[in-house]
Amino acid sequence: IFEHPAGSYKKIFETCEELAEPLPTTVTGRIPSFLRGSLLRLGPGLFEVGDEPFYHLFDGQAFMHKFDFKNGQVTYFNKFVRTDAYVRAITEKRVVITEFGTFAYPDPCKNIFSRFFSYFKGVEVTDNCLVNVYPIGEDFYAVTETNYITKVNTDTLETLKKVDMCNFVNINGITAHPHIEADGTVYNIGNCMGKGATLAYNIVKIPPTQKGLDSENYFVFVETPVKINLLKFLSAWSIRGSNYMDCFESNEAQGTNFHIAKKSPGEYIDLKFKGAAIGMFHHINTYEDDGFLVVDLCAWKGFEFVYNYLWLANLRANWEEVKKAAMMAPQPEVRRYVIPLDVHKEEQGKNLVSLPYTTATATMHSDGMVWLEPEVLFSGPRQAFEFPQIDYKRHGGKNYTYAYALGLNHFIPDRICKLNVKTKETWVWQEPDSYPSEPLFVQNPDGVDEDDGILLTIVAAPGAQKPAYLLILNAKDLSEVARAEVDYSIPVTFHGMYKP
């Protein structure tokens, strides 16, 4: 396990200036000829406004990064996304819209009455789309977890328009991690007010421009014990100046519920599947096999909310402090759950999983609830396998072998990992004082194997002469293919995409 006593990871949580034009890079190694187009990444780029800081990792203002590949050459460009949250903050030189963990104080110039009325008009929800970028039809959108998505021009990185999903579907918020099918159909999950002021989850489908084939049959929705308390959420702003983080609650007794829905026709399958409490942000893959659903995910053991450990003050602490805090946090592990689709009441007490290659179990209880125990695919103390990626184009929703991830060492991203989910073999790329980002898999068009291809990641190397580089790794063994160094400090990024 690498140690980081120099604390140079603090640099990835610092504000950046945007560029006026693309910068050249210094390439070592050879850029594969099949790489054309752009790598797009999103993350926070502005960590304070005037003398007001943002407090949480998910509060910094959305910053878009782009590496362009052309004839073996690489250029780098970036721009802030011109969201309302960003534009108003820059104009007023203060935090204007409450973010995930930062409360925006009301404008002192507005009197109590206008504040009172604006409360009844509804909460001003942030449109700070710093989490991901993905295509819908011909267009591209930068997104976060609220109801606002922002249309962007992926060539110039100009911000085109803010779109309120509420105008199209009945939701309060929607995740930044849609499932995109081979034909371009976008599926996502949101939540809305159901009958009698109850809360409901809903699956949102955005059909593609051309009709295609719909293959896989089920959705699996994992409901962890960590929730936003909507009443707290709606009253919070008006009364006592709180933020999103204040509205989370976790109920240990609830455990984790696994909900199954049929895709076509869309219907909920009324079977109760349950497991011990976990936190979860990312699924790796899910596929159907012989009457079972195999669900691979990145879990954090227990019911405590992992975001409690992602305050910027924690992440910018000295290495010994960072480690101490991470010792208290939930433990990460990669888990495989197996859900039987054919469940009969008389089978209680015995393991219903008959797939030969997994130790995951499912046991029927007398009340008809099926208890799921996972198989652990990867576990290292305070070493998370997170921001997972697969050969999504060919293996999303299908039986697969390889997953790639960003390795978090006590929450600090310091390596790229590969996992064979069948044999549990692992590979690692790592260099001292180097902080990579989520690795994106790009298939070699002439490749045959599932891992014939490359991984693209942006590495911050704050101590180096050139403080950041795009790194290209061979997906087979994580050996270096090439790097393109840029004379610019690139901050942390969350998700992104390769656009051919």
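Visitor: Which side chain is joined to that of His177 by a polar contact of 3.4 Å?

Guide: This is a predicted model, in which local features need pLDDT of at least 70, side-chain atom pairs count only at pLDDT 80 or more, and totals for chains, interfaces and linings use all residues. Residues are numbered from 1 along each chain as its sequence is written, and side-chain values use heavy atoms, without hydrogens or water. A polar contact is a pair of N or O atoms within 3.5 Å; within protein, one must be able to donate a hydrogen and the other to accept it, and residues adjacent in sequence count only if both atoms are side-chain atoms. At 3.4 Å, the partner of His177 is His282.

Visitor: At which residues does UniProt place the feature "binding site", and why do they gather at one spot?

Guide: The unreviewed UniProt entry places this feature at His177, His282 and His495; positions follow the numbering used here, feature names are shortened, and annotations may be inferred rather than shown by experiment. They span 319 residues in sequence, yet they gather at one spot because no two of their C-alpha atoms are more than 11.3 Å apart.

Visitor: Is His495 buried or exposed?

Guide: Buried means under 20% relative accessible area, exposed over 50%, and partly exposed in between (1.4 Å probe, protein chains only). His177, at 30% relative accessibility, counts as partly exposed. With a relative accessible area of 5%, His495 is buried.
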